[in-house]
Amino acid sequence: MTYTPDRPPLRESLDELRARIPGWGVDLDPKDRPSEPKLQFRTDLTGAHWRFPDRQPEDPRRERSVEHEFLTPVYGTTCPRRGLSGVVRGLAYRRYSEGRAAHWLLLMLGDRIDAGEHHLRSFTTLRPDNPVTETGVLGEFTRRPLGSRFGRGRADLAHQWLDPVVVAGPWVAAGALLVKGGRALVRRRAALAAAGSGAARATGRLAGQRRRRTSISSEIRASGR
């Protein structure tokens, strides 16, 4: 079982594993290890008073990989899942193993959603997020932006073109959505106002026609007398 000194049983024999996986088990023999004889193997426990550590009560809001039967005996409780980002993270842990790319891609997506949720939440406070001063973008113009990058063998140059997209992209997209929504609202209000004025003009014409018919009827009745 996990978290105990007992070795879990192998589903395949050592010979089967060596035949299927080239190089598997090359360090099983302590004599084949460079650290021998300095490395000492102990068969006893670590001296702890327990054979299995005491467990915290399980919190359903905490993530648990599908490789584990239950949550680790000790886990953090300061950052529980919440909101849409929590749903995405829960899906990553519930559906995919940590050896799958989908697991980590969903976690990255959850992090981006979580950042957006915090940005939106900041606008309900007296100190909303400022993408200009808090991202350090002003330093790109004053801290040797070219000299600090080129000619120094920096490995991150390959993906630096993507950094503005990751940092500024959500803000640009949010601004575009706000502008588009504002324009749609203005057009809708203008259409409603035009429809209201058109209905008022139509009502006025009908009222005028009624008045004229009433006047003609009165004249006809007066002439008949």
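Which residues make the nonpolar surface patch of about 470 Å²? In this predicted model, for which local features need pLDDT of at least 70, side-chain atom pairs count only at pLDDT 80 or more and totals for chains, interfaces and linings use all residues, the patch is made by Trp 161, Leu 162, Val 165, Val 166 and Val 167. Residues are numbered from 1 along each chain as its sequence is written, and side-chain values use heavy atoms, with hydrogens and water left out.

The protein chain contains 5 helices and 0 strands, and its pattern along the sequence reads α-α-α-α-α, where helices (H or I, at least four residues) and strands (E, at least two) are DSSP runs numbered from the N terminus. Of its 225 residues, 13% count as buried, a term that stands for under 20% relative accessible area, whereas exposed stands for over 50% and partly exposed for values in between (1.4 Å probe, protein chains only). The accessible surface amounts to about 18,500 Å², and 60% of this belongs to carbon and sulfur atoms; such areas come from the Shrake-Rupley method with a 1.4 Å probe, and for residues only the protein chains shown count as cover. Among the contacts (heavy atoms within 4.5 Å) with a separation of 6 or more, 35% are accounted for by residues 24 or more positions apart.

Two aspartates illustrate the buried class. Asp 59 is found in the loop between α1 (14-20) and α2 (83-95), and it counts as buried because its relative accessibility is 16%. Leaving aside neighbours within four places in sequence, Asp 59 is in contact with Leu 71 and Tyr 75. Asp 114, by comparison, lies in helix α3 (residues 101-122) and is buried, since its relative accessible area is 18%; when residues up to four places away in sequence are not counted, Asp 114 touches Ser 85 and Arg 89.

Helix α5 (residues 163-224) holds Arg 211, which is exposed, with a relative accessible area of 58%. Arg 210, Arg 211, Arg 212 and Arg 213 gather in a surface patch of positive charge. Patches are made of residues with over 30% relative accessible area and no salt bridge, like charges being joined within 9 Å and nonpolar side chains (Val, Leu, Ile, Met, Phe, Trp, Tyr) within 5 Å; a salt bridge is a side-chain nitrogen of Lys or Arg within 4 Å of a carboxyl oxygen of Asp or Glu. Val 167, one of the residues of the nonpolar patch, is also found in helix α5 and is partly exposed, with a relative accessible area of 43%.

Methods: Lys and Arg count as positive and Asp and Glu as negative; His and the chain ends are not counted. The place of a charge is taken as NZ of Lys, CZ of Arg, CG of Asp or CD of Glu.
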